[in-house]
Structures are given as structure tokens and as C-alpha cells.
Amino acid sequence: MAGTGTAHLRPPEETLLRVENLVVEFRAGRSGLKVHAVSNISLDVKQGETLGLVGESGCGKSTTGKAIMQLPPPTSGRVLFDGHDMTKLAGEELRSTRTAMKMIFQDPISSLNPRRKVEDIIAEGLRIWKTTSKEDEQKKIDEMMLAVGLDPALQRGRRPFQFSGGQCQRISIARAVVTDPKLIICDEPVSALDVSVQAQILNLLEDMKERYGLTLIFIAHDLAVVKNVSDRIVVMYLGKICEVGSPDVIYQHPAHPYTRVLLDAIPIPDPSVRPETRAKVVGEIPSPVAPPSGCRFRTRCPKAQPKCADEEPVIEEVQPGQFVACHFPLAPGETLPTRNGSGPLNV
Amino acid sequence: MIRRKKTTFPGTERFADAPLDGPLLEVDEVKTQFKTERGLVHAVDGVSFTLERGKTIGIVGESGCGKSVLSRSIMGLLPTNVVRHGSIKFEGHEIGHAKAAEMRPFWGTQMAMVFQDPMTSLNPVMRIGSQITESLRVHFDVTKEYADETAVALLVSVGIPEAERRMQEYPHQLSGGMRQRVMLAIALACGPKLLFADEPTTALDVTVQAQILDLLQQQQRERFMAMVLVTHDLGVVAGRTDDIAVMYAGRVVERAPTRSLFEHTRHPYTEALLKSIPKLAMPSHARLDAIAGRPPDLVKPPSGCKFAARCPYAQPKCLTDEPPLDDPDQPGHSYRCFFPVGSQAGRDALTRNLAAGETATGLPVRKEGEAVLTGVTG
């Protein structure tokens, strides 16, 4: 899984955001060890597209989102956004360029200031940048609240604790969209919500995207959720990219063993699909302090061979529009060992 | 000669007279209410079910539907501001109003629980080994060496590598999945007949979730243990339980064998829950059928059917009369609805609502019973 390489990138003139060879490392305490959170990944997003970033905890998906925002700036690599290299900017220049990017966070309640009124939370960006007059500001708040399904007359003076989790996430969306950003990075926006509310928020994000012409990066661990909203999916594992492609292709013919395992781990609400007939997952994600050599997924991969330890796979196109970083990609229809032990391959 | 420490609680011998047949657990009209400043919260409002030995039941519902309070009511793990009604029988023993001291012999040896968050449920300053042997040493007259050997065997059986070394470690040294395995080892230590798993995988990654669910199922089968699996995710219970009870606003709204519940869904709430889950087989950008609105306030629950305000099938009758939990079409498949999904009455109700553009509660509806989202806040 290693996922070095840029074969999956599209021509720069077609994209709004282009991330090249992004590396983010943190110091692990005073031990001198390094946490390799993101190791040399590249990705791009076209105007109006939704890019889904999916993987388990610790795969570096949130770190990637934050590094694009320069929170903190990456260790190395380039982040080209709308003609600017974000990593080269600093101070006032970075601040003003970054207004065109917004984030929506996982925990809707703790990401809103509990002491402020909803209208002030939504209007803060407008007030900081002084882009709108006082009267227009009120109109804009009303418009935003209505767009996300809140009642401005009744609810604009309320504070976050008076709202449910789903409503707080609606406020977060209004706050992000109000300044007309070009790109919104949604970091696990529905993971903390009930399944019924999750559907409401996913529908709302699709509506807002259409209405305001937004471009989204959608980060989540649930492949079914990501598939529902994305135009292109990037599957990550331990700081590397495994597979890139359109959601329907990845779902029908996953080429990376990890993608297959991830798909088969999703619980399906259908009793005729027996859990024991689905692909087996062994072990847990290794520590990013000392990632495995070669392909980082090899320690859990049922197809691992000696080559996988020695050599890092490079991203290659397996079929038009589908890119995979694997020495032994799955052929269409190829299966992995199932959980009850039987299967064509040795573990 | 048996030497007994003063602190020893009765172990299995206390239940030497326990019957070997008959249902393991009988829950009858259980009501659990919390006294708060706003008034009585009807968290569990008249739930009945029976669980046979070695069987599994899934309890499913949104946050706040009372599913966790129900399992805690059965275990007797409730705070002091609680009012309890109804009867809970475990192997014929009435435990519906038992105090903590009376419940203590049951905990661990008869029934045990695995909680949602393995980090906060484990004691952070106690070694893994001591946390597993604690209940063994309390309930059974065993030596420390024997308890330690048992604990190592338990850790091996729940799939923890290097079990002997792990015995000496603390919870923070383990990953989330490993901690949940330790929680399970603790719960299984005294060989309970009934295991409660309260959202056991909600805090875990999807691949680890699959492993833990497989492990729970394997242990449940090997030990012929009954299990109550509490979750908000119908996907989690689909392939793994014998029966499912769907809860809404403190009540069971539909209860059926798993296959029947999915294949012949009767209650509109169950249908709505199923529809709101994004499925892998759906094309991307497919619009999800969200459930409009929010669950009712449990201090002042509405009269009539509790789900009426969010239900695309709602008729005037639903606002005044509460449907009983009954199984008219198929024995064992009971539901609370006057206009069930898949019946002529249900189809007629939906047709009427579609023609009117709204339900009896004023909820706008359009094609296929999908509620209009605009203006509805969640």
C-alpha cells in the first residue's frame, strides 16, 4: 500500500486543489521518534467535485485535511489551491487566501462556541472580512439558516446547547457556507450522528453543494457514506494511498486488497448476507511511528508476498479511471479468504 | 475443607436450584422512569419480551429510545432517581425491584455486560490481569494462581496475542479493539448465562468492529450463552441475532425473528430506519430517505402512536389511539401499527396522504412515502 506516485493526478489546469507529495510528520514526545502521519501522498480535486477520503482511524485522512488548510503546515510537499501554493504563503497572505477554504468538524456540539448566539456564530466570518453591510448581513444569516433547515425568526437568538447534534451540524454548515468558500473540507461530519439524522445531513450537504456550487473534500471512515456523496474516492491506509477511483468502480471491482477488506467489514442490513462469508480482516492498524517496510498494508494483507516487504508499490492505472498501489492487485471477481476460514488463498 | 473468606459472595451454588429448562429471562411490562426537575422521564415505557437460553436478541433504535436504559434496568444498574415498574424474572427469580446488594450474586456469574467505550469502562490504574481475576476471586473460592491461569486462558480465547505479557499491562497500553477484547474477557470470566453488549462496537473502526462482532458471536455460540445486543445500527444485528426488537420512545414498536423483520417489515419506523442507511449497492449521489423530525419528548410523550408525527402513513386515528403490540398476520412477528407496511390498510393510508400532500399530523409527503425535508430540522 504504499502509495507513492502521481499517476492518478489530472492536468493541473482542470483542478481547483492539487496536493503533491504531501508529507506530515510529528515528533513523538522527546524520544526523537517520528509519527509518520502522512507519507508522500498526492491528490487533486476538480471544481464542483466531491472527493471522498476514506480509511480507518490513524490512516492520516484528517491530518491530510488539516495539512491542506495549513493547520499545521505540512512537513514537505505542495498544496496548490486556486493558483496559490499554500505552503509558500504566510501571515496575512495565507489568512486571506485561506478564507476560500472552510472546515466542518466531527463533533457538532464542541465545534460551536457554547456562549454565542447562532446568528453571531454564522455571521462571524462576514464580520471579520467586512464583506457585507449590516443589513445585508442580516439577510445573509436568514438565507443561510433557511437553507440549512433552521427557522431564523425563532432560532437565531438561541445558543448551541439548545439544539440537538443534527441541528448543531446544520449551524456548522451554515457557518462554513456563508462566506462563499470555494472548497469545504468535511472531517467526519456525520460520524457522531444517529443514522436517521445522518441521512438528513448527507442530503443537506448535497443540496448545499448544488445550490452554492461548492467543492467538497469528504473525510469519513464509513465507505458506504463516502460512496453516497463522492464523485471520486481515495482510500488511505497508514499515511499512504491504496486506491483512487470513482465510487461505483471501486465498489464493483476493488483492486486493492485493503479496499475489499474495508468493503466487506461494513455491516449490511440484510440477514441473508452472512458475516462469515465475507472477507477476513486480521489484526489492527500498525503504529505510524514504525510503519512496515515496503507496502504498509502487507502485515494484514492476505495476498502479501516477500516482494511486498522489499519494495514499495507505486500507484498505477489498472483500468481507465481506477488507480491502485499494489504489487498484486485483485482481478475483477477475485475473492479473498472468508472469515470462516475457507477461501482460495492462504493467509 | 472449604475455607471461605469473609468477603466471598455466593457463587454458583446459590443457584443450584436453578431450573434447567424454561426461559432464561422474562421481562414483563417493564417501566423505568427518571425523576427530573422537568418531571418524570418515561425512558422505558412498558417493554415485555422473553429470551430463551443460548438465544440472541438485538435491541435497535435511535439515541434516546430507551434501549440502554432497558438493558441497565434488567442488570439493576440504575441511578437512585428512578421509579421502576413491572417484573423481570431471571430463571424464575424476580429481580425487577432488586437492590444492588441482592443483584451482586447475579453480576458476573449469571449476567454480565460489555459497554460501549472500553477506555472509560476499564480501570486505568489496574493491570489487565487483576481486572479479569477480580470477579473470579470475589465469586469463587479459587487461588490466585488458578485465577491467573484462567485469565490467561480467557485472553487467549478472546484473541489477544502474548496473553501472559498483556496480563501485566495497563489499559492505556492497548488499542481500542484490544480493550474491547479485554472487556469481553472480564465479562466472560465467571461464565455468565446472559451477556449484554451495549453498543459494543460503536467506538471502534469498521474493520475492528467486524472482528469484535465475530468474536462475540463465536463466544456466544461456544458457551451457549444468551445475548442481548444493543445497537443503533440495523446492519450490526442483521446477520447475528435470532430476534430483533425495534424500540421507539421507550416502547417496542416491532419485534420479530430477524429474517422476518427484514423481509416483512411491518412498522413504518423500522422501514424508515432501514431506508435511511446509505447502502453500498446504491449508486453514488442517490438521495437518502431521511426520517423527518426528531423523537418526542419523553417527559410529555404524545397521545396515540408515538411515531405518528414523523410517520408518512399517519391517519387521524394514530393521533388519538395507541396501537397495541400484536401479531395478527404471523405468530411471533408483533408490531404496534394500525396501518402496517405491506398491508392493504397501509397502502390505502399512504395513498390518502399522498393525495392530500400531507399526513394527519401535517407532515408533507411525496412519492414512495418519502417525507419532504425542507424546513424540518433534525
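**Figure 1. Surroundings of A:Lys61 in the predicted model.** A:Lys61 counts as buried because 27 C-beta neighbours lie inside 10 Å; a residue is called buried if 20 or more other C-beta atoms lie within 10 Å of its own, exposed if 12 or fewer, and partly exposed in between, with C-beta atoms placed from the backbone. This residue belongs to helix α1 of chain A. Helices (H or I, at least four residues) and strands (E, at least two) are DSSP runs, numbered from the N terminus. Leaving aside neighbours within four places in sequence, A:Lys61 is in contact with A:Leu53, A:Gly55, A:Ile219 and A:Met236, a contact requiring C-beta atoms, placed from the backbone, that lie within 7 Å. A:Lys61 and A:Gly239 are 178 residues apart in sequence, yet their C-alpha atoms are 7.7 Å apart in space. The model is predicted: local features need pLDDT of at least 70, side-chain atom pairs count only at pLDDT 80 or more, and totals for chains, interfaces and linings use all residues. Residues are numbered from 1 along each chain as its sequence is written, while chains are lettered from A and ligands numbered from 1 in the order in which they are written.

**Figure 2. The eight-stranded sheet of chain A.** In chain A, 8 strands form an open sheet of mixed pairing, in the order β6-β7-β8-β3-β9-β10-β12-β11; two strands pair if DSSP finds at least two bridges between them. At the edges stand β6 (101-104) and β11 (316-319) of chain A, each pairing on one side only. From one strand to the next, the twist averages 20°. Strand β3 (residues 50-54) of chain A runs parallel to strand β8 (residues 215-220) of chain A, with 5 bridges, and A:Leu53 stands opposite A:Ile219 in β8(A). Helix α10(A) packs on the sheet, where it touches β9 (232-237) and β10 (240-245) of chain A, and its direction makes about 100° with that of β9(A). Axes are lines fitted to C-alpha atoms, for helices over the stretch in contact, and angles run from 0 to 180 degrees between N-to-C directions.

**Figure 3. The four-stranded sheet of chain A.** A further open sheet consists of 4 strands of chain A in the order β2-β1-β4-β5, with antiparallel pairing. Its edge strands are β2 (33-46) and β5 (84-85) of chain A. Strand β1 (residues 15-28) of chain A and β2(A) pair in the antiparallel sense over 11 bridges, and A:Arg27 stands opposite A:Lys34 in β2(A). Helix α1 (residues 61-68) of chain A packs on this sheet against β1, β2 and β4 (76-81) of chain A, its direction making about 115° with that of β1(A).

**Figure 4. The side of chain A that touches chain B.** The contact takes 44 residues from chain A and 48 residues from chain B. Helices α6 (165-177), α7 (195-212), α8 (223-229), α9 (247-252) and α10 (257-265) of chain A each supply at least two residues of the chain A side. Helix α7(A) gives the most to this side, with 8 residues.

**Figure 5. Strand β6 of chain B.** From strand β6 (residues 111-114) of chain B, B:Met111 and B:Met113 point one way and B:Ala112 and B:Val114 the other way, and all are buried. This strand pairs with strand β7 (residues 194-198) of chain B in the parallel sense over 4 bridges. The bridge partner of B:Ala112 in β7(B) is B:Leu195.

Note on methods:
Contact = placed C-beta atoms within 7 Å.
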